[in-house]
2 protein chains.
Amino acid sequence: MSVTDELLANNAEYAASFTGPLPLPPAKHVAVLACMDARLNVYGVLGLEEGDAHVIRNAGGVVTEDEIRSLAISQRLLGTTEIILIHHTDCGMLTFTDDEFRTSIRRDTGVKPAWSSEAFPDVEDDVRQSLARIRTSPFIPHRDSVRGFVFDVATGKLNEVR
Amino acid sequence: MSVTDELLANNAEYAASFTGPLPLPPAKHVAVLACMDARLNVYGVLGLEEGDAHVIRNAGGVVTEDEIRSLAISQRLLGTTEIILIHHTDCGMLTFTDDEFRTSIRRDTGVKPAWSSEAFPDVEDDVRQSLARIRTSPFIPHRDSVRGFVFDVATGKLNEVR
């Protein structure tokens, strides 16, 4: 049995006690953008429940064109007005450089990706970069409450980046 | 008090009973790619716990360059080998067209985005499109277990797309 099959068995249990459907727009009018890291359970960390918030995630919790797309849809069509960014300690993105990663892909596949890996050497500094990318985007209408945090994987705490 | 402040108060409670840190690589060697929809609590739906799986999310749960970046990092650097894609019923992406969305942005801001909104008219068909984008990418080494599902927001069940 694959892990996917095992997780599908979990889904049957979840569905057995499920009560839905909830409304489409997020009840708390918040969008969270976080790293994909397995230790970062966004619903747990922020005490969110089903229906509360949009959750956008990727390697690093960075802001590229695709996150601007998701945030624009979230705010313009589904009524969110606040953004919470979450990076975290002990991130995999600190362990390699963009050049190393793309060169290793070229070595293995013959093709060097045209995209950047978005690897970063300092987590707080990259939160500031992500905040700046959102604040300077013409496509994000609500920028009054855009705040960035580092989740500490040892303590479970969010620490704000100023 | 903003909603962000309210969620930070929840974080203090979470941290009070937190036990960490866990290892960086996902224990179940799985990456999940899902829509950002507020009703789709990926940890709940699949019975995941902290440390189990990478979770990548965006508007629609679609596969663009940034999701290929995240999946490549997940598989090549952090040991995941299975991918689970999740779209869902009653998705916001079914309610507009790409042209409408980008034209409305141009009307409001003067600037038409160069990116597509990735809106789609049929959810199962878009799961197939996302599967195809992963299966044809040279940057994703493990493609033997890539499966796609539609989450039913009324029942909590995952239905596989064949």
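# Briefing: a two-chain predicted model

B:Ala119 touches B:Met93, B:Phe96, B:Thr97 and B:Asp98, leaving out residues up to four places away in sequence.

**Around B:Ala119**

- You'll find B:Ala119 in the loop between helix H4 (98-109) and helix H5 (123-135) of chain B.
- Is B:Ala119 buried or partly exposed? Its relative accessibility is 23%, so it counts as partly exposed; the cut-off for buried is under 20%.
- B:Leu94 sits 25 residues away from B:Ala119 along the chain, yet their C-alpha atoms are separated by 6.5 Å.

**How chain A is put together**

- Chain A has five helices and five strands, and along the sequence they run α-β-α-β-α-β-α-α-β-β.
- The C-alpha trace of chain A spans about 50 × 50 × 35 Å along its principal axes.
- Chain A has 162 residues, and 57% of them count as buried.
- Take the contacts in chain A with a separation of 6 or more: 63% of them are between residues 24 or more positions apart.

**Where the chains meet**

- The size of an interface is often given as the accessible area lost when the parts come together.
- Here, chain A and chain B bury about 7200 Å² between them, and 62% of that is on carbon and sulfur atoms.
- On the chain A side, A:Met36, A:Arg69 and A:Trp115 lose the most area to chain B, and together they make up 10% of what that side buries.
- How many salt bridges turn up across the interface of chain A and chain B? The rule finds six.
- The side chains of B:Arg147 and A:Asp5 meet in a salt bridge, at 3.0 Å from N to O.

**The nonpolar core**

- In soluble globular proteins, nonpolar side chains tend to be buried together.
- The largest nonpolar core in this model holds 102 residues, and the ones touching the most other members are A:Val32, A:Leu46, B:Val32 and B:Leu46.
- B:Leu46 reaches both chains: setting aside neighbours within four places in sequence, its contacts are A:Leu7 and A:Asn10 plus B:Val32, B:Ile84, B:Ile86 and B:Leu158.

**Aromatic pairs**

- Searching the whole structure gives eight aromatic pairs over all chains.
- A:Phe18 and B:Phe151 have ring centres 6.0 Å apart and planes at 90°, so that pair is edge-to-face.
- This pair crosses between chains: A:Phe18 is in the loop between helix H1 (3-16) and strand S1 (30-35) of chain A, while B:Phe151 is in strand S4 (residues 145-151) of chain B.
- Both A:Phe18 and B:Phe151 are buried.
- A:Phe151 and B:Phe18 also form an edge-to-face pair, with 6.0 Å centre to centre and 90° between the planes.
- That one crosses between chains as well, from A:Phe151 in strand S4 (residues 145-151) of chain A to B:Phe18 in the loop between helix H1 (3-16) and strand S1 (30-35) of chain B.
- Why does A:Phe151 count as buried? Its relative accessible area is 0%, and buried means under 20%.
- Ring pairs also link A:Tyr14, A:Phe18 and B:Phe151 into a cluster.

- A cis peptide bond joins A:Gly20 and A:Pro21, with omega about -10°; A:Pro21 is in the loop between H1 and S1 of chain A.
- Chain B has a cis peptide bond joining B:Gly20 and B:Pro21, with omega about -5°, and B:Pro21 lies in the loop between H1 and S1 of chain B.
- A:Asp90 isn't a glycine, but its phi is positive, about 55°.
- A:Asp90 lies in the loop between S3 and H4 of chain A and, at 44% relative accessibility, counts as partly exposed.
- B:Asp90 has a positive phi too, near 55°; this residue lies in the loop between strand S3 (82-88) and H4 of chain B and is partly exposed at 42% relative accessibility.

Terms used: Residues are numbered from 1 along each chain as its sequence is written. Chains are lettered from A and ligands numbered from 1 in the order in which they are written. This is a predicted model: local features need pLDDT of at least 70, side-chain atom pairs count only at pLDDT 80 or more; totals for chains, interfaces and linings use all residues. Side-chain values use heavy atoms; hydrogens and water are left out. A nonpolar core is a set of buried Ala, Val, Leu, Ile, Met, Phe, Trp, Tyr and Cys residues joined through side-chain atoms within 4.5 Å. Buried means under 20% relative accessible area, exposed over 50%, partly exposed in between (1.4 Å probe, protein chains only). Contact means heavy atoms within 4.5 Å. Rings of Phe, Tyr and Trp (its six-membered ring) pair if their centres lie within 6.5 Å; planes under 30 degrees apart count as stacked, over 60 as edge-to-face and the rest as tilted. Helices (H or I, at least four residues) and strands (E, at least two) are DSSP runs, numbered from the N terminus. Buried area is the accessible area (1.4 Å probe) that two parts lose on being put together, summed over both. A salt bridge is a side-chain nitrogen of Lys or Arg within 4 Å of a carboxyl oxygen of Asp or Glu.
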